[in-house]
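Subject: Structure for your files, with notes

Dear colleague,

Here is the structure I said I would pass on. My notes on it follow below.

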Protein chains: 6
Amino acid sequence: MQLALSTWQEVEEYLQTRSGIIVPIGSVEQHGPNGLIGTDHLTAEFVARGVGDAIGCMVAPTLAYGMSQHHLGFAGSATLRPATLMLVVRDVVQSLAVHGFRRFFFINGHGGNIASVTAAFDELYAMRSLGEADTPVRCRMKLWSDGPRTRALSRELYGDADGHHATCTEVSVAQFYQPQAIKQAQLAPHVAPPSGGFFEGADYRSRFPDGRIGSAPALSSPEHGERLFAAAVQDMTEAYQAFLAY
Amino acid sequence: MQLALSTWQEVEEYLQTRSGIIVPIGSVEQHGPNGLIGTDHLTAEFVARGVGDAIGCMVAPTLAYGMSQHHLGFAGSATLRPATLMLVVRDVVQSLAVHGFRRFFFINGHGGNIASVTAAFDELYAMRSLGEADTPVRCRMKLWSDGPRTRALSRELYGDADGHHATCTEVSVAQFYQPQAIKQAQLAPHVAPPSGGFFEGADYRSRFPDGRIGSAPALSSPEHGERLFAAAVQDMTEAYQAFLAY
Amino acid sequence: MQLALSTWQEVEEYLQTRSGIIVPIGSVEQHGPNGLIGTDHLTAEFVARGVGDAIGCMVAPTLAYGMSQHHLGFAGSATLRPATLMLVVRDVVQSLAVHGFRRFFFINGHGGNIASVTAAFDELYAMRSLGEADTPVRCRMKLWSDGPRTRALSRELYGDADGHHATCTEVSVAQFYQPQAIKQAQLAPHVAPPSGGFFEGADYRSRFPDGRIGSAPALSSPEHGERLFAAAVQDMTEAYQAFLAY
Amino acid sequence: MQLALSTWQEVEEYLQTRSGIIVPIGSVEQHGPNGLIGTDHLTAEFVARGVGDAIGCMVAPTLAYGMSQHHLGFAGSATLRPATLMLVVRDVVQSLAVHGFRRFFFINGHGGNIASVTAAFDELYAMRSLGEADTPVRCRMKLWSDGPRTRALSRELYGDADGHHATCTEVSVAQFYQPQAIKQAQLAPHVAPPSGGFFEGADYRSRFPDGRIGSAPALSSPEHGERLFAAAVQDMTEAYQAFLAY
Amino acid sequence: MQLALSTWQEVEEYLQTRSGIIVPIGSVEQHGPNGLIGTDHLTAEFVARGVGDAIGCMVAPTLAYGMSQHHLGFAGSATLRPATLMLVVRDVVQSLAVHGFRRFFFINGHGGNIASVTAAFDELYAMRSLGEADTPVRCRMKLWSDGPRTRALSRELYGDADGHHATCTEVSVAQFYQPQAIKQAQLAPHVAPPSGGFFEGADYRSRFPDGRIGSAPALSSPEHGERLFAAAVQDMTEAYQAFLAY
Amino acid sequence: MQLALSTWQEVEEYLQTRSGIIVPIGSVEQHGPNGLIGTDHLTAEFVARGVGDAIGCMVAPTLAYGMSQHHLGFAGSATLRPATLMLVVRDVVQSLAVHGFRRFFFINGHGGNIASVTAAFDELYAMRSLGEADTPVRCRMKLWSDGPRTRALSRELYGDADGHHATCTEVSVAQFYQPQAIKQAQLAPHVAPPSGGFFEGADYRSRFPDGRIGSAPALSSPEHGERLFAAAVQDMTEAYQAFLAY
């Protein structure tokens, strides 16, 4: 059930019996020579809607822009600063809480969002711990690719070649979701990334010249995407329901 | 050309010859008994992509959430506070300016965004006027429904019954874009709205009990939507090109 | 009744029967070769006090500084950034609401303030819509030159030569208010401004080299100012009373 | 030379040979039963203009609103929060620095502003110390009543009865500046204030029920005001010139 | 080499050859019935100084207060909000970068800081990726208890009874550092924590009534602390040197 | 009684009968050729703990970093911006107020903190004056060196040679507290400082090339420090008790 495709009266009715909502969040950032800039928000949205279809829960409009400062060395990447992203998360949660939503499950497509969004949750909780907010809200975020079924399938399909950014897994799911936008690119072989991470955009680009981190997305395919999508929907459905029950 | 469906190398190539980009912006807010909560961002996105298809310009991912505080009396509406929305606009523009984008044309689906987004543009310009920013950026925002062709067609189709919120025009375009989500609802006849506006959410709801302002969206249809969409794409294409040439 | 010239006990008495207040707001920015830098706040203050004298309503001290980033290419102009101006408006409204003021009517001398001040009102309303603020406040802003009598008289006196910045109208009213500061300057003939607006300060100056936009303020006179002032006081009195009654 | 009554070309000429400017700053807050709510900004403005007349230096429009949270227990008082006031000071200084102003001398009418405005100066200096700001600006603030001539005359006229808030000195100067607004009030005898200060508005009101702190402003007169004004103009002229020479 | 115990001339000399610095960061929060409120910042400081003593690197003064909103249900806990902590980290890094420090290694005593401090690093990097900051800074944060030697020793000493908050490990190190403050308390047996985490302070307290999460700190001793401290100093020395070499 | 060395249960017990707490605050900034960078926070902490030992009141962890922008011309100095420091003070006070603390006595080692911390107190009070905060908190700040006994002893020991920064007094107390870190340095004779203060870091350094302002800290000794410490503990104990009783 997509919030964007509902009327307010339908939402009112939903809230008679339920108080959970899924918020897809991603990024606008390069995903290597054959990955889409929208990969993270497209896949998060796709999986979130899959969960919505599976169990009839509400899915909010996608937060397409995330924390992607490290990708600004590549054309087309856009970032929200951490402080901005935190305010966005705060406002969306506070707004929906006005109507009676209480459980906010963020299905995340981008590891770079974790610190900022977690900090945003802490801001919301701090307001309540400090006695400023009357309404208790509870938030959780999961990477859609990080459930047990999806991880197992990624490993089976790609092993170490899945990599850490512009992964085979996410490229496959994006290909399944947007088949008209499958890109062909000559890809250098994947190499294991350095263990020490990266810093600002220029540093990232100097370490990972074509944008990928340790992945071989030439292996990706929409057929894989279909299977990975199904696994991710199951994983996220389970995680959402566990969250509601906690 | 959708940024989300491009690779960074495609964007790099685009920037060899062009520096303009369209950013669709809308809202997540009630649109009366038969209008979708996503009406504003769906229609802005649809028209923006239409322009992108028509002339091959770049279209950024949609800013779905806007300034909708006055709709918080209706379930499902979500707002960014003005200050938050301003930071979002700032960050998106600054990010894309890193790569060489210079002209930002916001196709807007929601009148309530105008003050905050204009103020955001002023913030960006102020940084440059005060000597803090090196890169000149130029921004303009237009309501997709406010070009000459679209206004004329709205008037022809609906006259005064188009209204001011949950207009027949926007409901029709949303129906054409998302035909699977056409809603049936008993609608009271439209009445002329008071001239003095509204204030916070509770005030809005007391003045406009079912959410509409002076509109009769029972008149809407996907067929109208198709014609209105074509007019809006033409209007916005013209406006975008005039902006680039200014 | 000027707040600045009252004692707290007089204000307390006023609040026994009334809850409205007028806040003049203007700018500190160039107004062409013969216009005063204080034109916008002086005229707003003058008209606001005129309304206060006419009907005995309370007039707050003038917010002299506004959003004038686009004038920073001309010596003496000063701006508050939009975010700063928004906080100023918020604090002034919240402070006066503590005492029982509920209706805030901003008499505005500067079009450049509209976005930021409207966004500030939205911030205040959002706090209430989100359940954070207990006190309902209602705000409205009007340009003093934009009422029916004043517009008609401007048109009669100047036609198109009134222009868009450093207008004949505002220069005349400032001359009537501050006759000791009437300036003589050789003025190039007015020319119609471009339709596409302006961006940061340097852009503004390149488009409008002496600061005016399409005006011929050599036509201004204190005698005109007297008539325009009378019209504006009537217009704003009517608008204020309509606001109180809404 | 008032900035508000100058044209941009006159300011440009001034800046050929000078880079100093005076900024009057006051407050909007109760001043006891016979003191005006505008006392602090009116007197600061009056003295600042007196210095401007005496030596031809530039005087910016008055910052009427200051940090007055402790007076919010009395009707009509309005405060900027410290963080807001700091941003106002920052923006005004940064704006004027664009044109070539470098020395900012704040003539202050309100002790409650000292912490916030000093902190604002520190913010500005910090930006430069941290390498963010290219333009060196120098700021100083003085209470207009705190120069040697004025203090001596206050002591001669009122001794301890001058008090700490709603002082005889400031009431007298306001009476000289705004003789049409001299108020009559029955005043309880002044009593020495407690040594430990005050906290929020309710606390202030409970300690100082009619708003004064240790003053006997029944002693005030416009004749005193004239002499005190002359002394203050001399003191502040001297202080401004010492600042320019430092 | 403690920054606090150095003169500026000694720091200047240090910077001739080195550009790294260690910043200890902890929290002020309850650590169960026998753990100290200062446990996290005391242990981080102790280990950081141990590394400083071992290899002569500079150690900044401890950031004692961290992000501890979830502990506010227990007396004495104090939190910085995430946004505040982020600004603190930004200012400290930017200040020290003025002098030539470039590598900032945060030795962390509190898992709750990770999101906020990581987001602060991202803010700093974003400023550079967006072209606002000239100076490249590089930051890394490690939990002192999370190196290989320390983890192994914790496991050997306590197994699962080490727990997740008020761990035996940290209580032991604090006891070794502050033997005069070893507390005796009757402790209920440790129980495995729920897997789903916690939200605001009241929620935390309802799940973990005496403050501990799954730990048995009755097992702690200063003798263990001595061994764990030695392991942690070795782990952190290695991690710091790897960071400098990256 | 140090908060850092207490358990939450001990704090809970303390709050049964008391609601006051001491917060030491200092700085991280150069103190001349023989003064420690940590002088201000070390001495404030030392005196605060001395008061805690004397009368059993609670002492919070030290806020080591303060507002030191003017010292950034000397290696090792670090500043919080005023706005950051204000948020830190706000968060610490609000957190401790959750548990029942109501009186916050800041023992300050650094004059440069006064404006920012006072402004932070005003922010807290403003929240209550504006009706946003339910809990009344009361704050006071004193320089530990500014009580009557300490001032008298400083004058007796050093006269004018005590100076204004890197004073003999503070250097002596630091030497008594940290005897292992007594530094030897050739010191130029002290000279009287200019009366007009200083601005940003570069300005400070040009006026005071070795960092001191008018002091002769070669006169300092740990023996003096012991006497000065005793005087300061007495002064601050008295001031704290007067504050509680006010």
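In what order do the four strands of the open sheet in chain B lie, and is the pairing parallel or antiparallel? The order is β2-β1-β3-β4, and the pairing is parallel. Before the details, two remarks on conventions. This is a predicted model, in which local features need pLDDT of at least 70 and side-chain atom pairs count only at pLDDT 80 or more, while totals for chains, interfaces and linings use all residues. Residues are numbered from 1 along each chain as its sequence is written, chains are lettered from A and ligands numbered from 1 in the order in which they are written, and side-chain values use heavy atoms, with hydrogens and water left out.

The sheet of chain B

Helices (H or I, at least four residues) and strands (E, at least two) are DSSP runs, numbered from the N terminus. Two strands are said to pair if DSSP finds at least two bridges between them. The edges of the sheet are β2 (58-59) and β4 (138-143) of chain B; each has a single partner strand, so one side of each is left without a neighbour in the sheet. Strand β1(B), residues 20-25, pairs with β2(B) over two bridges, in the parallel sense. There, I21(B) has M58(B) of β2(B) as its bridge partner.

Strand β3(B), residues 103-108, is largely enclosed by the rest of the structure, because six of its six residues are buried. Buried here means under 20% relative accessible area, with exposed over 50% and partly exposed in between (1.4 Å probe, protein chains only). In a regular strand the side chains alternate between the two faces of the sheet. In β3(B) both faces are covered: R103(B), F105(B) and I107(B) are buried on one side, and F104(B), F106(B) and N108(B) on the other.

The interface of chains A and B

Contact means heavy atoms within 4.5 Å. On that basis, 55 residues of chain B meet 55 residues of chain A. The two chains bury about 4,100 Å² between them, 61% of it on carbon and sulfur atoms; buried area is the accessible area (1.4 Å probe) that two parts lose on being put together, summed over both. L5(B), W8(B) and Y65(B) supply 18% of the area that chain B buries against chain A, more than any other three residues.

The rule finds four salt bridges across this interface, a salt bridge being a side-chain nitrogen of Lys or Arg within 4 Å of a carboxyl oxygen of Asp or Glu. E10(B) forms a salt bridge with K183(A), with the closest N and O atoms 2.8 Å apart.

Two chain pairs have no contact: chain A and chain D, with their nearest C-alpha atoms 18 Å apart, and chain B and chain F, where the closest C-alpha atoms also lie 18 Å apart.

Single residues

T79(E) is in the loop between β2 (58-59) and α3 (82-99) of chain E and is buried, at 0% relative accessible area. Its C-alpha atom is 5.4 Å from that of Q69(E), ten residues away along the chain. A polar atom of the T79(E) side chain lies 2.7 Å from the backbone nitrogen of S68(E), and the T79(E) side chain reaches the backbone nitrogen of Q69(E) at 3.2 Å. Leaving aside residues up to four places away in sequence, T79(E) also touches residues of chain F, namely D91(F), V92(F) and S95(F).

Q94(C), in helix α3 (residues 82-99) of chain C, is buried with a relative accessible area of 13%. Its side chain makes a polar contact of 2.6 Å with the side chain of R81(D); a polar contact is a pair of N or O atoms within 3.5 Å, where within protein one must be able to donate a hydrogen and the other to accept it, and residues adjacent in sequence count only if both atoms are side-chain atoms. Beyond its neighbours within four places in sequence, Q94(C) has contacts that include L130(F) and E132(F).

Most residues other than glycine have a negative phi. A166(C) has a positive one, near 55°. A166(C) is in the loop between α5 (148-158) and α6 (168-177) of chain C, and is buried at 0% relative accessible area.

Regards
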